Amino acid sequence: MTKPLSYIEISKSALISNLVNFRRFLPSQSRLAAVIKGNAYGHGQNEVAKAIEKHVDYFQLDGIEELRQLRQVTKKPVLILGYVQPADLEEAVRLNAELGIYDISIAKKLNTLGKKLRKKPKVHIKIDAYLGRQGILPTGILKFAKILRTLKHIEVVSAYSHFANIEDTVDDTHARKQIETFENAVEILRANGFEKIQTHMSATSGALVFEGRELRSQIVRIGIGLYGLWPSEALEKKYSKKLKLTPVMRLVTHVAQVKELPPGHTVGYGLTFTTWRKTRIAVIPLGYSDGLDRRMTNNGNVLIQGKRCPIIGRVAMNMFVVDVTRVPNVRANDEFIIIGKQKNETISAEEIAKNIDTINYEITTRLSPLLPKILKK
């Protein structure tokens with residue numbers, strides 16, 4: 001069977017290596033939740049799940065649609081920490097999801113479902129410790145706990161929260177304020193009927209900075225690091241000697257056409273580029289419908305024959321153009337690399353993100369789920 005024209009290549013060995021290295025880095029009691037929401041940050045939800053199922057304790061998703069897909073390939077415990085609307089709660093429970101809760105009306109609906117199904121839904125209490133998104137404010141914890149302990153048909157597994165500002169700063173003042181607030185809220189829960197409650201607060205950044213020191217979480221949620229990407233340049237500089245991460249993705253496509261343009265010839269929509277010499281161009285059959293950002297217009301490089309070639313002209317819906325004048329013998333159907341390694345050269349998600357003023361998370365996550373995934377051992 002021939003390979004697709006364009007596809008995302010996923011390294012199973014890199015995924016497992018990253019998980020093994022996190023296991024070594026984290027305290028031995030930590031259970032790992034692999035964050036595969038957002039189509040596994042663009043890497044392919046079910047493909048990633050199948051590759052790492054034996055190496056993690058949980059999968060973490062955002063919502064019911066992801067859960068429906070995931071249950072086609074695994075029975076592994078799943079945390080859903082996004083919003084599930086009331087009409088979908090029964091399906092989520094039947095599919096053995098553990099749900100984040102922060103609304104007493106949802107807790108009561110789950111309690112009713114537990115009685116009906118003769119199966120206690122497992123729930124994780126979300127505490128808003130100075131993130132300002134989902135969750136119960138610290139001032140509401142006591143009232144929430146008193147009502148929650150009257151609901152006998154649900155099982156409270158943990159309390160959890162999320163850091164707001166570790167990746168974007170080297171100042172951890174706000175993060176420490178969050179830890180203190182979260183731990184105080186947990187103590188209130190433990191003093192009001194939930195003595196055995198577990199905790200989780202850290203994603204990749206928190207795992208690097210706090211786990212095993214200020215924090216002793218029972219569950220750690222590994223997202224961006226699972227895919228071999230660092231949450232920030234500052235954290236990479238600080239921890240890359242202690243923790244080895246290997247990028248998992250290659251975004252591969254092939255040349256659609258090669259031709260020579262004369263000097264003074266415009267390239268693409270909007271006339272954003274004009275050749276200044278004879279220019280050999282390669283037409284690449286990927287565009288913003290595949291998840292490439294239009295801000296890559298005249299901005300950045302791709303790889304062919306292990307050499308960097310500049311993007312010229314505007315990125316269109318289904319194609320863009322590359323100057324291959326300095327690379328001999330480029331032909332139609334030759335392999336091009338948008339993200340990843342070819343020979344000894346690499347274009348990273350971080351490099352692309354820096355060029356267009358965003359983050360590596362967005363570069364991979366926005367890739368079209370329609371792009372085929374090829375799992376490489």
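In which sense do strand E3 (residues 58–61) and strand E4 (residues 78–80) pair, and over how many bridges? They pair in the parallel sense, over three bridges.

This is a predicted model: local features need pLDDT of at least 70, side-chain atom pairs count only at pLDDT 80 or more, and totals for chains, interfaces and linings use all residues. Residues are numbered from 1 along each chain as its sequence is written, and side-chain values use heavy atoms, with hydrogens and water left out.

**View 1. The open sheet of eight strands.** Strand order is E8-E7-E6-E5-E4-E3-E2-E9, with parallel pairing. Strands (E, at least two residues) and helices (H or I, at least four) are DSSP runs, numbered from the N terminus. Two strands pair if DSSP finds at least two bridges between them. Strand E8 (198–200) and strand E9 (219–222) are the edge strands, each pairing on one side only. Phe-59 has Val-78 in E4 as its bridge partner.

**View 2. Strand E10 (residues 249–254), mostly covered.** Six of its six residues are buried (under 20% relative accessible area; exposed is over 50%, partly exposed in between; 1.4 Å probe, protein chains only). Met-249, Leu-251 and Thr-253 lie on one side, Arg-250, Val-252 and His-254 on the other. Four bridges join E10 to strand E1 (residues 7–11), antiparallel. Ile-10 has Met-249 as its bridge partner. Four bridges also join E10 to strand E16 (residues 335–342), again antiparallel. There, Thr-253 stands opposite Phe-336.

**View 3. Lys-119 in its loop.** The loop runs between helix H6 (104–117) and strand E6 (122–126). Lys-119 counts as partly exposed because its relative accessibility is 30%. His-153 is 34 residues apart from Lys-119 in sequence, yet 7.6 Å apart in space, C-alpha to C-alpha.
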